[in-house]
Amino acid sequence: MQTMTRSESAMPGASVIEGRHVGKTFGGGSVIALEGASFDVTKGSFVSLVGPSGCGKSTLLRLIAGLIDRTSGQLTVHGVPVTGPHTDVGMMFQRATLLEWRTAVENVLLPIEIQRSVTAADKARAMELLAMVGLKDFAFSFPSQLSGGMQQRVALARLLQTGADILLLDEPFGALDEFTRERLNLELMRIVSEVGATTLFVTHNILEAIFLADEVMVMTPRPGRLARMVHVPFARPRTPELTLTPEFNALVAEVRDILGTH
Amino acid sequence: MSDALGKAGFWVVRLLPHLMVLTGLLAIWEWLVAAGIITSILIPRPSAIIASVFRLYVTEGSIYEHFFITLAEAVFGFLIGAGVAIALAVSSSLSESFARYVTPYAVVLNVTPGIALTPIIIAWFGYGMGSKIALAAVLCFFPIFVNTLTGLRQTDPDREELFRSFGATQRQVFTQLRVPAALPLMFAGLKIGLTTALIGAVVAEFAQATAGVGVLMARSSFSLDMASSLAALLSMTLIGLILFYSMELLDDRIVFWRRDARMSAVSRARARAWADGTGK
Amino acid sequence: MAVAADIAAAGGPSLRQRRMLTHAAIFFGLVALWEIGSRAGWLDPLFFPRPTDILASFWRIYVTQGNIWYHLFVSLSLVFAGFIAGSVLGIGLGALVGMNATVRRFLQPYVIVLEATPRIAVAPLLIAALGFGVTSKIAIIMLVCFFAPFINTLSGVINVDRDRLELMRSLGASKLQTLRKLVLPEAIPVIMAGERLALTAALSGVLVAEFIQRDKGIGTLILTYTRNLNMASAFACIFTLTAIGFLIFKGMEVLDHRIAFWKNEAGLRRVSTKRARGWAEKGGAVHV
């Protein structure tokens, strides 16, 4: 698996990720994690992947990240087929996976350290990012001194430091309590639009999926498939009151429907 | 029947590549010595080692006495050391004061290299098996003590609260909750203790003894019969393996809830007993 | 209310002080009983050398005759030399084997066999083959010091958090980078535990070697004193080893707290302040 380098930025409205019948089986074909998904993701959009366990949403994310190889279909990022992890694409997991012997800012700088040597500019940017996620005063704290929510914010800053313009998030706030999760979701939306990144967000919470996204990939299990792409037309920036409107709830019902019949 | 064959077959398949590699390595070793490439006295031919093993175990049969003496020394030393260690650990867990005032002496025992006591123990217990058993007991005391005490001390506040809500007495909390919860750690300590006891027995034999695998090994070494010496060493390995796997077996049977297969077996046994009316 | 508490506190000794007193009372009580019993002839001097005699021995071997210093130096220098050589080898090989799955599978049965064998038992063999002297002693110490660091490093390397491994992969890290930045730091606590075991084993190793070779060193000293039924001096040597053992124990604990600083509160705070201070000063590379 080679690491691919940055390619030219695409024009707004263009497809940055294209998948044609992307499939993945495990155990020599005995487990179909994902059955032929076809989709386009446009630059700068926020796409949710929602569905119950076993629908293949995490698998699809990892396929796009280049962490696992697909068994069938084509998958391109910025027009180039995916063969391994690339610097264009950054990922964030449910567990913060920070290195506990490094301070917050050193954790944020980890991706840079791996790619090349760290410059003063990188260090300044790391501090900026920590400020952006609201952790300026905790730059030299260690992960075990931070709460779960704070650790995830450090992970987010680390993700942004990579300069990747495609962000893949696999239920990043799933392990946190409701209040923290809501707050972090709002912050995420703000940061992502500020940075202009294309975002894919995996969740099993329908309301969260619709609230955050421009497009919702509804996925069903046994076998894992992309059932439908649902467009979310609401304007940004979005506020929590949106979830009380009838239009929003109509969409929720629609997605429930798609999931319910499987 | 076919199930047993299947199981045997499974093990053969797993062992075969290892056996083949081992045979290959031994063949290369044999050739290196035979061809005169390796001439060090430290390295005898594998065939000589095997010949020694054959002689000791089959032709002469002289090793059995030594084997069982060393085994007995280790086991008895272990039993004594473990007995005292567990008794002290239980007492310490039941009484905070006892624990507090015993601890410094336990720490002193821990930091002192037990092996330093070998000449003194031999002076006290003589040249026979007694001194070997004593050294084994002294060496294995601390790991068992500290593991058992730690195991008994670990508290699960939720479970203790549960027991109290049933109106359980202190004694019931101890026997029904603390002791079973402590078993995994205790067995970890026992395993370490058993290996340490063997070390004690062997080292005491080196210092002064007339019989035992350690003596056999020392004598062979000093008459430069390296093949027999290594054969004796392998016998020590065999004793070590016997001890280790016996403890594993005991662990598996007593702390049955750590392994799925055993847990299912006990579950079925209890279900049957229940149905039969003997219900435990 | 508060006034009453103040008075109570100022009056008697605190709980901690009372406990220390009890400890001391028990200790000196036992020693006194021992001394009395010895003088009254109830206790066999072979098993219970008189405490005053032990003290006299201490004085003699450390001050008047001063013979223990040489023997301690001899033994301890061998211990440290063998410990460093053996444990470094153990860590190196443990890391190598841990990173390579096929080698690990191949070595597994041999490791099990080695684990069951008392390593120290090879002492006579090594002495007979390498001859009496320093070489065989160091070889024995290296051998006993090898195993625990090897096994612990191996275990530490194998048990690296899977999610973190995936993180490194997603960042495009090379195997060497993953080893340096993730595997080794994460394995440090286990490796330190192995080192502690190795150092204690080293001390035992040198003693066994000296029991067999009987030339010099503290093991030989104990052996000689016991042979001559000078139990008081033998005990004095044993207590010396207790003190050394305790120093090793505390020393390793301090080292552990400093190296694996992230496992304790004080360490975290200390390094956090240090890194904050160093941030502004250092222009280039980041620590670690």
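Two residues count as being in contact if their C-beta atoms, placed from the backbone, lie within 7 Å. This is a predicted model, where local features need pLDDT of at least 70 and side-chain atom pairs count only at pLDDT 80 or more, while totals for chains, interfaces and linings use all residues. Residues are numbered from 1 along each chain as its sequence is written, and chains are lettered from A and ligands numbered from 1 in the order in which they are written.

**Chains B and C.** Select both: 37 residues of chain C and 39 residues of chain B make up the contact. On the side of chain C that touches chain B, you will find 28 nonpolar, 8 polar and 1 charged residues (nonpolar means Ala, Val, Leu, Ile, Met, Phe, Trp, Tyr, Cys and Pro; charged means Asp, Glu, Lys and Arg; the others, Gly among them, are polar).

**The sheet of chain A.** Next, colour the open sheet of 6 strands, whose order is S6-S7-S8-S3-S9-S10 with mixed pairing. Strands are DSSP runs of E, at least two residues long, numbered from the N terminus, and two of them pair if DSSP finds at least two bridges between them. Strand S6 (89–92) and strand S10 (225–231) of chain A are at the edges with a single partner strand each, so one side of each has no neighbour in the sheet.

**One strand pair.** Zoom in on strand S9 (residues 215–220) of chain A, which pairs with S10(A) in the antiparallel sense over 6 bridges.

Conventions
Helices (H or I, at least four residues) and strands (E, at least two) are DSSP runs, numbered from the N terminus.
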